[in-house]
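Welcome, and please open the model in your viewer. We will walk from stop to stop, selecting a few residues each time.

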Amino acid sequence: METQIIELEKKYWQAMENHDYETVKKLTLFPCMIAGKTGLQSVDESMFKKMFESVDSGKIKVLNISDVEEKLITENTTIIGYVIELEMADDKENSPMKCVCTSTWIKKNNNWVCALHTETELSKQ
């Protein structure tokens, strides 16, 4: 199970990198919840698409995913947490940033979809 969910997370991030909305949409349960440095939002599909399109293509580059932990809650619900290292194309310092991410995945119609995603940027040490 863990391998399957982390592979879905990687597929999601690869789609973000490639600006592939259709893949991201297929992996998301709408309305989804997103929590990060701008707060908490419940996002429907049309709002999600606007948010997705507001990010320029090629802006995000995933450098590494590590420290993966997953817990199966029920046969249809799992949570995952990991550290991700990202490079942002518009970062003037061009230094990678690290975030800790968590996601809740739900199995719906025999497919896993993400219902909740959180990102917290780790402080630079």
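Predicted model: local features only at pLDDT ≥ 70, side-chain atom pairs only at ≥ 80, totals over all residues.

Residues are numbered from 1 along each chain as its sequence is written, and side-chain values use heavy atoms, with hydrogens and water left out.

**Stop 1**

Select Lys 49 and Glu 53 and show their side chains. They form a salt bridge, with the closest N and O atoms 3.9 Å apart; the term means a side-chain nitrogen of Lys or Arg within 4 Å of a carboxyl oxygen of Asp or Glu. Both residues belong to helix 3, four residues apart, which is about one turn of the helix. (Helices are DSSP runs of H or I with at least four residues, strands are runs of E with at least two, and both are numbered from the N terminus.) Lys 49 has a relative accessible area of 36%, so it is partly exposed.

Within it, Glu 45 and Lys 25 have their closest N and O atoms 3.8 Å apart. This pair links distant parts of the chain, with Glu 45 in helix 3 and Lys 25 in helix 2 (residues 21-26), 20 residues apart. Glu 45 is partly exposed at 36% relative accessible area, and Lys 25 is partly exposed too, at 26%.

**Stop 2: helix 1**

How many salt bridges does the structure hold? The total is five. For another of them, select Glu 7 and Lys 10, whose side chains meet at 3.8 Å, N to O. The two sit three residues apart in helix 1, about one turn of the helix. Glu 7 has 42% relative accessibility and therefore counts as partly exposed; Lys 10, at 38%, counts as partly exposed as well.

Stay on helix 1 and pick Gln 14, which lies there. Gln 14 is partly exposed, at 39% relative accessibility. Now draw a distance from Gln 14 to His 117: they are 103 residues apart in sequence and 16 Å apart in space, C-alpha to C-alpha.

**Stop 3: the aromatic rings**

The structure holds three aromatic pairs. Select Phe 30 and Phe 48: their ring centres are 5.3 Å apart and their planes lie at 70°, so this pair is edge-to-face. Here, rings of Phe, Tyr and Trp (its six-membered ring) pair if their centres lie within 6.5 Å; planes under 30 degrees apart count as stacked, over 60 as edge-to-face and the rest as tilted. The pair spans distant parts of the chain, with Phe 30 in strand 1 and Phe 48 in helix 3, 18 residues apart.

Is Phe 48 buried or exposed? Phe 48 is buried, with a relative accessible area of 7%, whereas Phe 30 is partly exposed at 22%.

**Stop 4: backbone details**

Keep Phe 30 and show the backbone on to Pro 31: the peptide bond between them is cis, with omega near -10°. Pro 31 has its place in strand 1.

Next, go to the loop between strand 5 and strand 6, where you will find Asn 109 and Asn 110. Phi is near 50° at Asn 109, a positive value in a residue other than glycine. Asn 110 also has a positive phi, near 65°. Asn 109 counts as exposed at 69% relative accessibility, and Asn 110 is exposed at 64%.

How values were computed: Buried < 20%, exposed > 50% of the residue type's maximum accessible area, 1.4 Å probe, protein only.
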